[in-house]
Amino acid sequence: MINLEDTIVACATPPGSGAISSIRISGKDCSKLYKKISGKSMAHKEIHISEIELSSGIKEKCVLTSFISPNSYTGEDTVEISCHGNPLIVELLITKLKTLDCRDAQPGEFTMRSYLNGKVSLIEAEAISDLISARSIENIKAVNKSLAGSFEKKIDELIFELKSMRARVEGEIDFNDQDTNIDLSEISANLDSFLITIEDFINTTSDAVLMNEGIKTIITGPENVGKSTLMNVFTKKKTSIVSEIAGTTRDLVTKSVKIHGLVFDLIDSAGLSSRAKDKIEEIGTNLAKNALEEADLIIEVVDHNNLNYEMTYPKGKKVVKVLNKSDLAGDEKTRRINISAKYEQNITKLENCLVDAVFLSKNQVLGSFSARSRHLNLLNNCNDEILRACSLCEEFSIELCAEHLKNASGYLGQIKSPYSSDDLLGEIFSSFCIGK
Ligand SMILES: Nc1nc2c(ncn2[C@@H]2O[C@H](COP(=O)(O)OP(=O)(O)O)[C@@H](O)[C@H]2O)c(=O)[nH]1
Ligand SMILES: [Mg+2]
């Protein structure tokens with residue numbers, strides 16, 4: 001469990017050498033610590049240049065920028081120390097600071113404090129972390145929309161709508177305490193329309209999550225059909241070994257590419273035909289099968305020798321089917337996309353199909369917001385509860401319907417503030433970087 005009374009310190013700039021490194025300190029002992037290292041009193045939004053004596057007797061000239069609570073990133077007294085960007089100096093400085101009553105910050109602890117002190121909402125805090133890790137301009141735009149509150153506003157609207165529906169259902173229970181013939185048709189219609197709203201929102205959110213987290217895309221199919229060649233076309237370099245020898249690719253070869261500004265995390269994998277394999281190939285095949293489970297998108301490649309290739313994929317996976325080597329046999333009238341990876345024919349068409357297959361509403365997501373799997377899971381749980389509430393309402397089980405609406409409301413609420421369990425908050429913030 002994290003102690004929020006402690007004063008914390010961490011380097012906020014990436015490890016390694018650079019022009020400047022920045023060390024951040026936050027907590028109630030900041031002003032005492034400031035006095036000890038600079039000999040001056042700490043004041044809001046002031047900058048001082050100070051020579052700090054490091055533990056080994058070396059002096060380091062630093063720039064100290066101070067912020068007084070509550071007007072800082074964390075809401076606590078905060079000092080940012082800029083020093084020369086040498087990792088040894090950073091280490092000595094942090095070691096020195098830790099002798100003056102502060103401890104190493106946990107990953108994301110500055111932002112966690114900011115959230116707990118009411119400076120940012122949880123959705124904003126998550127967006128800050130997403131902004132740091134965004135891998136495309138489109139994603140930065142979307143995250144900025146979330147930072148400006150567009151995702152949270154939608155969640156607030158859903159919470160409000162659900163709250164008034166619960167009030168209506170609970171009112172019906174109070175009014176008809178013993179009743180047999182209540183007319184639930186209006187409530188039922190409202191629930192149905194809410195269900196449509198939330199399902200639409202889940203579709204947009206699911207696109208937003210894929211854009212934010214990247215689309216895990218596996219290239220699969222039998223051996224020797226050109227999977228690795230296609231990987232190299234997408235990545236524009238020799239990422240995977242291409243050879244006419246069956247069973248060349250064994251490890252999972254991964255590389256991220258951008259298609260229409262969206263990040264696809266590509267995985268090239270071993271072929272999945274049923275021919276006899278050696279021990280190492282078997283390991284490769286198992287890796288490939290496991291990766292299929294995790295994928296958001298599957299590109300199934302075959303060539304003219306494998307037109308009847310059939311593979312069953314985990315339920316609900318999006319699959320784009322490709323027929324490669326069209327240069328050898330011409331286009332085939334199948335439901336597959338005909339390409340030639342070797343001669344880079346029809347690749348743009350394939351790229352368009354990938355984007356269309358994965359995004360339900362690409363234009364909508366590009367203009368809307370960013371979201372995380374955590375949000376999507378809670379929305380799906382909420383949706384399941386509303387579905388149950390709908391059918392219970394149709395069966396006139398109004399009390400049970402109210403119970404499921406309450407659960408639905410709980411799930412929506414957790415998007416904004418998880419039930420205050422340290423573990424849950426710790427889990428959310430642990431994916432942030434150190435010093436943020
Ligand atoms: N003619 C032709 N050959 C191809 C094409 N794509 C791949 N190949 C060849 O097919 C062989 C197997 O390719 P590779 O990418 O290693 O297949 P993988 O086993 O599915 O990864 C290599 O000799 C490639 O040069 C294509 O579009 N046309
Ligand atoms: Mg290969």
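Two residues are in contact if their C-beta atoms, placed from the backbone, lie within 7 Å. Helices (H or I, at least four residues) and strands (E, at least two) are DSSP runs, numbered from the N terminus. The structure is a predicted model, in which local features need pLDDT of at least 70, side-chain atom pairs count only at pLDDT 80 or more, and totals for chains, interfaces and linings use all residues. Residues are numbered from 1 along each chain as its sequence is written, while chains are lettered from A and ligands numbered from 1 in the order in which they are written.

Helix H5 takes part in two helix pairs, described in turn. In the pair with helix H7 (residues 185-213), Glu 138, Asn 139 and Ala 142 of H5 touch Ala 208, Met 211 and Asn 212 of H7. By class, this contact holds three nonpolar, two polar and one charged residues. Ala, Val, Leu, Ile, Met, Phe, Trp, Tyr, Cys and Pro count as nonpolar, Asp, Glu, Lys and Arg as charged, and the others, Gly among them, as polar. H5 and H7 pack at about 125°, with their axes 9 Å apart. Axes are lines fitted to C-alpha atoms, for helices over the stretch in contact, and angles run from 0 to 180 degrees between N-to-C directions. The two helices are therefore oblique to each other. Angles under 35 degrees count as roughly parallel, over 145 as roughly antiparallel, 65 to 115 as roughly perpendicular and the rest as oblique. The crossing of H5 and H7 is left-handed, meaning that the near helix is turned anticlockwise from the far one by less than a right angle.

The other pair joins H4 (residues 122-133) with H5 (residues 137-147). Here the angle is about 160° and the axes lie 9 Å apart. H4 and H5 are therefore roughly antiparallel. Their crossing is left-handed. On the H4 side, the contact involves Ile 123, Glu 124, Ala 127, Asp 130 and Leu 131; on the H5 side, it involves Ile 140, Val 143, Ser 146 and Leu 147. Six of these residues are nonpolar, one is polar and two are charged.

Ligand 1 has 20 residues around it, and Gly 226, Lys 227, Ser 228, Thr 229 and Lys 342 come nearest. A residue is near a molecule if its C-beta atom, placed from the backbone, lies within 6 Å of it. H8 and helix H10 (326-329) each supply at least two residues of this shell. H8 gives the largest share, three residues. By class, the shell has four nonpolar, 10 polar and six charged residues.

Several backbone features stand in loops. Most residues other than glycine have a negative phi, and most peptide bonds are trans. The bond from Ser 69 to Pro 70, however, is cis, with omega near 5°. Pro 70 lies in the loop between strand S4 (59-67) and strand S5 (78-85). Lys 236 has a positive phi, near 60°. Its loop runs between helix H8 (227-235) and strand S8 (253-259). Lys 236 counts as exposed because it has 9 C-beta neighbours inside 10 Å. A residue is buried if 20 or more other C-beta atoms lie within 10 Å of its own, exposed if 12 or fewer, and partly exposed in between. Glu 344 also has a positive phi, of about 50°. The loop of Glu 344 lies between strand S12 (337-338) and helix H11 (347-358). With 12 C-beta neighbours inside 10 Å, Glu 344 is exposed.
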